[in-house]
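I opened a new page for this structure. These are my entries, in the order in which I looked things up.

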Amino acid sequence: MVSTFGFEMDAIQTENLTKKYNLGWGRGRLLALDGLNLQVREGEVYGLLGPNGSGKSTTLKLILNIVWPTSGGAWIFDVPCDKVVSRLHVGFLPENPYFYRYLTGAETLNFYGRLCGMSGTPLRKRIDELLEMVGLARARDRRLSGYSKGMLQRIGLAQALIHDPRLLLLDEPTAGVDPIGSKEIRDLILRLKAMGKTVLLSSHLLAQVQDVCDRIGVLNLGKLILEGEVSQLVRDQRRLSFTVQDLPESARAAVESAVATAGGKVVSVEHPQTTLETLFLQALRKDERGAGDHD
Amino acid sequence: MTEMRKEWVGFSPRRIWTIALNTLTESVRQKVYLILILFALVLIASASFFSQFGFGETGEQEALEQLKFIKDFCLGAISVFGMLIAIVGTAQLIPNELESRTIYTILAKPVRRFEFLLGKYLGSALLVLVSLTMMSVMFGAALKFKGDNYLRMAHESVRQAQDAGSAEDLVRQAKRIHAAVYDADLVKALVLAYMKLALLAAITLLVSTFSTSMVFNVAMALMIFFAGHLVGAAKEKWAESALARFLLALIPDLGVFNLADDVILGSTSVPWAYVGKVAAYGGVYLIAVLAAAHFIFAEREM
């Protein structure tokens, strides 16, 4: 997105963002975030990675003005974060949300829609659309106290999307969700990206976010220690791998010698393994096809 | 996207109302209120099922005593259950929001903090209003049921009166019973009882803006509730000390909201001017409490 001044606009920008928490009673202060300079470009999926307590949630809370920076600042689409206006185009999914246990899925979305100034037929249509999108259409009139963890996470995503925001902040969207739920959430994130949304997500589950993020930043003890495009970061420039199908065992020596002749070195030859997750998903899919449709 | 700079998020009564209704719905659907309210309603209804007395020479006295008892019992029950609902219903609001993390989702939307706080308060005040209305209707029904019984008996005695003199006497008796049943001062007592509970809910919310524990909130609110009923007596006792008067003025004088004793004794009617004066006191105190809650909540990191 280009502003009228011709500059590229960042969806999120933080400048030297620092947060110290008072531990109270003379126990000093905890440095949760240390001079973070972050730029999330409009339209990308940015993954904020790091171990527990590295400052991921603090970063999101600072951007949403739920806590205040000790120094530095943050901007959403160039609007300072301490302005209520900055949150007009933001959707947020907190970590481990429980929501209002006594409301149904549809009532929950109705509540958040009204908070965003929506009402009447447009809101009703939006609720139906979102429940369909996150796969909760059949659970719409069930109370959230009866929702599973994965369902709560999905209603949380729907809630964040209710006013069709341009930017989504997702705090550990796949934590505590089973592989199918996690896959569904990642597919949703990719769909949102295709719709042109910007996503900033935090996670400590590295493998899960690898295939959805365009760029990642790694936080440790409040400091950004690594940042870059996922495809660049994980590529091993010196190595190349072939996956060959139906090669006779007798031809293997010839291939290896050809590599050696060209000056390369065969590091390993092995049968590729599928991931346990892929296997799990395949098995479940097969089982479901046999058992027919169920919830 | 320069038009974004022109966007403006103003103060929105609609958002406050949305949060208030959500708070009310959440409370009503919790079984604990249902049980509390049902228990209160059963208790109030039971007041009219005490033994019936015959209507005769001492009948009027009996009837008036009975009606007095129903009023005393019911106003007491309304006061106690109202207090429980106001305190428990409010004390859990902010701790629950933090626990379910819904507060983050709400504040992440274009919602101002005081809209959130005011919405929560209104939801709680509505819950108290609904509960108090239900209890009052039940109280009214119990009083009318019992009172109409006595009036029927009184009219029967008038019809059977031997001479004009005693008939006139009996008519006067019936009128006194009628006045005891259809007593406008009861409405005043209930209006002030509601104002007291609305103020109590605001004080509980104020406590919960700086604490995170529901138990602490309930304990503090209970302490303030009892202190608020003792403060009137304390003011009289230490009337000479300026410091004592200043400190006591900080505690809400909840005793002034209690019309139960005046209404039950029924000797003189409570003037509306008094009700207005107490309502004004409650209103000013309520605004001060909500303003304090706002200033603490606006500075709170969650």
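**Entry 1: a helix pair in chain B.** I began with H7(B) and H9(B), where H7(B) passes H9(B) in a right-handed crossing. I call a crossing left-handed if the near helix is turned anticlockwise from the far one by less than a right angle, and right-handed if clockwise. H7 covers residues 113-159 of chain B and H9 covers residues 184-210, and their axes come within 10 Å and cross at roughly 150 degrees. That angle makes H7(B) roughly antiparallel to H9(B). Under 35 degrees counts as roughly parallel, over 145 as roughly antiparallel, 65 to 115 as roughly perpendicular and the rest as oblique. The axes are lines fitted to C-alpha atoms, for helices over the stretch in contact, and the angles run from 0 to 180 degrees between N-to-C directions.

I then listed residues of this contact: from H7(B) they include Tyr121(B), Val128(B) and Leu132(B), and from H9(B) they include Tyr194(B), Leu197(B) and Leu205(B). The contact of H7(B) with H9(B) divides into 13 nonpolar residues, two polar and one charged. Here Ala, Val, Leu, Ile, Met, Phe, Trp, Tyr, Cys and Pro count as nonpolar, Asp, Glu, Lys and Arg as charged, and the others, Gly among them, as polar.

**Entry 2: ground rules.** I noted that this is a predicted model, in which local features need pLDDT of at least 70, side-chain atom pairs count only at pLDDT 80 or more, and totals for chains, interfaces and linings use all residues. Residues are numbered from 1 along each chain as its sequence is written, while chains are lettered from A and ligands numbered from 1 in the order in which they are written.

**Entry 3: the rest of chain B.** I found 13 helices and zero strands in chain B. Helices (H or I, at least four residues) and strands (E, at least two) are DSSP runs, numbered from the N terminus. The C-alpha atoms of chain B fill a box of roughly 95 × 50 × 35 Å along the principal axes.

**Entry 4: domains of chain A.** Chain A is divided into domain 1 (10-234) and domain 2 (249-291), with bounds from an automatic or database domain assignment. I read 36 Å between the C-alpha centres of domain 1 and domain 2 of chain A.

**Entry 5: the four-stranded sheet.** In chain A, four strands form an open sheet in the order S2-S1-S4-S5, with antiparallel pairing. Two strands pair if DSSP finds at least two bridges between them. The edge strands are S2 (29-41) and S5 of chain A, each pairing on one side only. Helix H1 (residues 56-63) of chain A packs on the sheet and touches S1, S2 and S4, its direction making about 65 degrees with that of S2(A).

S1 (residues 10-22) and S4 (residues 71-76) of chain A pair over five bridges, and Ile12(A) stands opposite Ile76(A) in S4(A). S4(A) also pairs with S5 (residues 79-80) of chain A over two bridges; there Val79(A) is the bridge partner of Ile76(A). Two residues lie between the strands of this hairpin, and Phe77(A) takes a positive phi near 45 degrees.

**Entry 6: the six-stranded sheet.** Which order do the six strands of the other open sheet take? I read S6-S7-S8-S3-S9-S10 in chain A, with mixed pairing. S6 and S10 (223-229) of chain A stand at the edges with a single partner strand each, so one side of each is left without a neighbour in the sheet. Neighbouring strands are turned by 15 degrees against each other on average, direction ignored.

S6(A) and S7 (residues 167-171) of chain A pair in the parallel sense over four bridges, with Gly91(A) opposite Leu168(A). Helix H4 (residues 149-161) of chain A lies across S6 and S7, running at about 165 degrees to S6(A).

**Entry 7: where the chains touch.** I counted 29 residues of chain A in contact with 27 residues of chain B; contact requires C-beta atoms, placed from the backbone, within 7 Å. S6 (90-93) and H2 (105-115) of chain A are the elements that give two or more residues to chain A's side. H2(A) gives the most, with four residues. Chain A's side divides into 23 nonpolar residues, four polar and two charged.

Terms used: Contact = placed C-beta atoms within 7 Å.
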